[in-house]
Amino acid sequence: METIKQEIEQLRLKLNQYNYEYYVLDNPTVDDFTYDALMQRLIALEEEYPQLKTPDSPTQRVGGEVLEGFVEVAHQVQMQSLGDVFSKEEFEDFDRRTANALGIDKVEYAVEMKIDGLSVSLEYENGAFVRGSTRGNGFVGEDITTNLRTVSSIPLKLKEEIPYLEVRGEVFMPRENFLRLNEQRESIGEPLFANPRNAAAGSLRQLDSKITAQRKLDIYVFNVQQIEGKELSSHQESLQYLSFLGFKTIPHQNLFYGAEEAYAEIQRIGEMRGELSFDIDGAVAKVNQFSQRESLGTTTKTPRWAIAYKFPAEQQESKLLDVALQVGRTGVVTPNAVLQPVRIAGSTVSRATLHNIDYIRDKDIRIGDTVVIQKAGDIIPEVVRVLTEKRDGTEQVFTMPDTCPACDEPLYREEGEAAVRCQNSNCPAQQMRSIIHFASRPAMDIEGLGPAVVEQLLDEKLIADVGDLYFLKFEDLVALERFG
Ligand SMILES: [Zn+2]
């Protein structure tokens, strides 16, 4: 038994270290195969000796039992929100107030990106992760420990067994994972998440932590809420200590002196915004010295020693080349903008939503117009307005056709409704979407039957409706692309 216990401890130590190197340092030292083999061995041992299973074991990262609901957690230290500023002048006002209150010339600031995610609290006892909770209203949040355990960059065991530690961090979904998740959802007919923040929120509040584990969330830790067994005197020092303990701390930890230097750093962060692999919605300037923070204090809502500088939603100009119509499963015909490709918020955009015909009419959007596209962390960009001063008279007013672009049957619009519909139940566009929906996970869960395959089956006239799926023969399928 003693040797089994030792082997288990060795395995955990190794797996935790490899995990840390991969997810926190972004510098893996073993291949997936070796990692998986060690993990399988640990899972097998824990199954054989369940009395040796512990909540901080790396095997717990895959998720566990399904919860009935979330339990409330009262935060011992309030998780405050920050005051916002939107301009250089407002930021300089904040700096003047701070410098005056401290009676100094130049305030020492830490300036950080403001990650557009969800604030969480992580608690550790004797170096082991014991509890994680949402921010909630700042005073009371929800216990999401099992879900947070699945976030690979959250250490389950710290490198030093300090008696007690509570840290605050921001959980987010990297853009790439978000795009992949939405692609997946689209292919199985599930509703899309509007932006990475919503996707992260939905993933953290799953009662089944296995789903959270699949979503591949990430975290940046940026504050010590409470600590026992260690003295810290500044923000920079606490970030360095958190890194040492094994946390993934917020990047760029330099100090800046006075409003001018701090503002230049805020601008720099704003400029690199589009090139980051995750969404940020601003930058935060914080007084670095804890003694100064204490003398500044807080208002009832926000601390006086920090401010969030909010960046505006990203906008770009483009040309509206055409309006493309899409017929949905329920027959709703949606107009989409076909744009001259433009780079915005880190991705190339060539489509944007025009919502419905009323939106197009109200904003007087015409084909050939120069338009402003906005992407406020949302996956589907939107046409916000027309630059009418750039018109040359060749622009064309768009009108909804009388017939469906897919089946040529007449389109209908119900009184008081913005949506225009095709009511032909044999409409090929609707057929295709309903077959995709039928095959999707929430419905029949037919593996491999995504949009591309359904389209091919319809094109080849192998199926016409859902019922035909049951009469498909092996020979029919092997002839298709992707089925070789
Ligand atoms: Zn139709």
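What arrangement do the four donor atoms around the zinc ion make? I looked this up in a predicted model, where local features need pLDDT of at least 70, side-chain atom pairs count only at pLDDT 80 or more, and totals for chains, interfaces and linings use all residues. Residues are numbered from 1 along each chain as its sequence is written, and side-chain values use heavy atoms, with hydrogens and water left out.

**Entry 1: zinc site.** I found the protein donors (N, O and S atoms within 2.8 Å of the metal, or 3.2 Å for Na, K and Ca) to be Cys404 (SG), Cys407 (SG), Cys422 (SG) and Cys427 (SG), at 2.2 to 2.4 Å from the zinc ion. The arrangement is tetrahedral because the donor atoms subtend angles of 98 to 115 degrees; for four donors, the term requires all angles to lie between 85 and 135 degrees. I noted the sequence spacing of the donor residues as C-x2-C-x14-C-x4-C.

Entry 2: I took buried as under 20% relative accessible area, with a 1.4 Å probe and protein chains only. Cysteine 422 is buried at 2%, and cysteine 427 is buried at 0%.

**Entry 3: alanine 110.** I located alanine 110 in strand S3 (residues 108-115); strands are DSSP runs of E, at least two residues, numbered from the N terminus. Alanine 110 is buried, with a relative accessible area of 6%. Leaving aside neighbours within four places in sequence, I listed its contacts (heavy atoms within 4.5 Å) as His235, Asn254, Leu255, Val284, Ala285 and Lys286. Alanine 110 and asparagine 254 lie 144 residues apart in sequence and 6.5 Å apart in space, C-alpha to C-alpha.

How values were computed
Tetrahedral: all angles 85-135°; square planar, octahedral: opposite > 155°, others 65-115°. Buried < 20%, exposed > 50% of the residue type's maximum accessible area, 1.4 Å probe, protein only. Helix = DSSP H or I, 4+ residues; strand = E, 2+ residues; numbered from the N terminus.
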